[in-house]
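Trainee: I have the sequence and the structure open, and I would like to learn how to read a few local features. Could you take me through some of them?

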Amino acid sequence: MSFTLQDRFSRELPEMAVSWQAEVPPQPQLLVLNEALAAEVGLDAAWLRSSEGLRFLVGNLVPEGSAPVAQAYAGHQFGGYVPRLGDGRALLLGELVGADGRLRDIHLKGSGRTPFARGGDGLAAVGPMLREYIISEAMHALGIPTTRSLAVVATGRSVTRETMLPGALLVRVASSHLRVGSFQYASATGDLGLLRRLADHAIARHHPEAADAEQPYLALFEAVVGVQAALIARWMLVGFIHGVMNTDNMTISGETIDYGPCAFMEAYDPDTVFSSIDAWGRYAYGNQPTIAAWNLARFAETLLPLLGEDVNASVGLVEQAFDGFHQYHSGWQSGMRAKLGLASDTEDTAALIEELLPLLQESHVDYTSFFRHLSNAARGDSASARGHFVDPAQFDDWALRWRALSPDAEWMDRVNPIYIPRNHLVEEALTAATAGELDPLNRLLDAVSRPYVERPGLDRYASPAPTDFGVYRTFCGT
């Protein structure tokens, strides 16, 4: 198969790219291939399954025009600034123009140590790479902007973590890998020309309308605020918890990236944390909008030198532009109205939303299944929704006022998923795959690929974790 990978990032921003090559895995074996995504980006699935295609997927067959690089970026990690992070175990193979005309990054994760590895081994294990595949594809099916997974390839190399684990690498597809941390790195160099080229690159790649604005770099900031506000609202509406919202994990494109210690909330609780490294709950479910705003403030700081010599005036401009984050609140409110099947934005609907969430928290109600069962209540059968509550009378009072507003049950079914990658099912699939059994993985992927359509035989994929599943903790995989 003949195709070309472009090298725009490394050509336009050489100061932020280190030429590098992926390690040669001893025994590569394709575990899962996203054939639909392959077709979307213009790659032939049959070729990708061939020995030559496998060499491409692990980074050892470099197509024409490709110049693999490890990207440089900085970042605030759990609030602490680290000036030099970068792709410690990842490579940008290049940019590919897909069958739909869109430009996308083809990127490896777990392909070996780079100069940014900071003492790490540069490798990845089967479990964490398949977690990213499962969750990113589920997010895509839910309609949430996300990087996507093209393939996971077992390397035939063991990886040392708490125990010895089978190694793997992920092939990721993204609109780009530009992050807030990319701008922090360029800003820290003190090279205004580099910062301007990076901003111009981001505008051309993701927000071309900003180029025509009176203040292009201010318009870039406004655009990133807008897409991130919309993204976080969508996370909150489905109960997704990213787990590690460092500034190097916030994209300029508005796509979700880096599915490390991520998970979906089951029992509704704003304080829910799954990440084993988030001991203080910085990135808890309910904190995600605040953290997103904090990250965007760090982005704004990097752009100040591009907005003019008067620092106070520039700060005033970004503060004004930051008002765009109110889109989070409007997006979340409209999304909640949709989940309740209510079209009108009135005091009554706002009160119903405000009253419902404490009721869910008090009774430890499963967030996903409750909203799906609520559409039955809109059709006149309240039993399944009512059964979630310790005190059903509280729900009855709320539901009486809600039904008086004539909720649209069919609309609710279109926005409230039945199937999400529930934590116990993800762990079941990953444990089996690590032992070489891929059937649980494939069954889970099939369920979450069509999250809104109820199908026979998939009851266990719509049910909360059994009571003996215990306290759930996720790990970043490094």
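Mentor: Let's start with His-364, found in the loop between helix 12 (347–362) and helix 13 (367–378). Helices here are DSSP runs of H or I with at least four residues, strands are E runs of at least two, and both are numbered from the N terminus. This is a predicted model, where local features need pLDDT of at least 70 and side-chain atom pairs count only at pLDDT 80 or more, while totals for chains, interfaces and linings use all residues. Residues are numbered from 1 along each chain as its sequence is written, and side-chain values use heavy atoms, leaving out hydrogens and water.

Trainee: Is His-364 buried or exposed?

Mentor: His-364 is exposed, with a relative accessible area of 60%. The cut-offs are under 20% for buried, over 50% for exposed and partly exposed in between, using a 1.4 Å probe and protein chains only.

Trainee: And what is the phi of His-364?

Mentor: Most residues other than glycine have a negative phi. His-364, which is not a glycine, has a positive phi near 50°. Phe-78 also has a positive phi, of about 50°, without being a glycine. Phe-78 lies in the loop between strand 4 (75–77) and strand 5 (80–82), and at 28% relative accessibility it counts as partly exposed.

Trainee: Which residues touch the most other members of the largest nonpolar core?

Mentor: A nonpolar core is a set of buried Ala, Val, Leu, Ile, Met, Phe, Trp, Tyr and Cys residues joined through side-chain atoms within 4.5 Å. The largest one here has 146 residues, and Phe-56, Phe-183, Leu-360, Phe-370, Leu-374, Trp-398 and Trp-402 touch the most other members. Helix 8 (residues 216–238) gives the most to this core, with 15 residues. Beyond four places in sequence, Trp-402 touches residues including Leu-340, Leu-352, Pro-407 and Met-412.

Trainee: How do I read helix packing? At what angle do helix 5 and helix 18 pack?

Mentor: Axes are lines fitted to C-alpha atoms, for helices over the stretch in contact, and angles run from 0 to 180 degrees between N-to-C directions. Helix 5 and helix 18 (residues 439–448) pack at about 20°, with axes 9 Å apart. That makes helix 5 roughly parallel to helix 18 (under 35 degrees is roughly parallel, over 145 roughly antiparallel, 65 to 115 roughly perpendicular and the rest oblique). Leu-130, Tyr-133, Ile-134, Ala-138 and Ala-141 of helix 5 meet Leu-441, Leu-444, Leu-445 and Val-448 of helix 18.

Trainee: And how does helix 5 pack against helix 17?

Mentor: Helix 5 (residues 126–141) and helix 17 (residues 423–434) pack at about 135°, with their axes 9 Å apart. That makes helix 5 oblique to helix 17.

Trainee: Is Tyr-133 buried or exposed?

Mentor: Tyr-133, in helix 5, is buried, with a relative accessible area of 4%. Its C-alpha atom is separated by 9.1 Å from that of Asn-34, 99 residues apart along the chain. Beyond four places in sequence, Tyr-133 touches Asn-34, Ser-149 and Leu-445, among others.

Conventions. Contact = heavy atoms within 4.5 Å.
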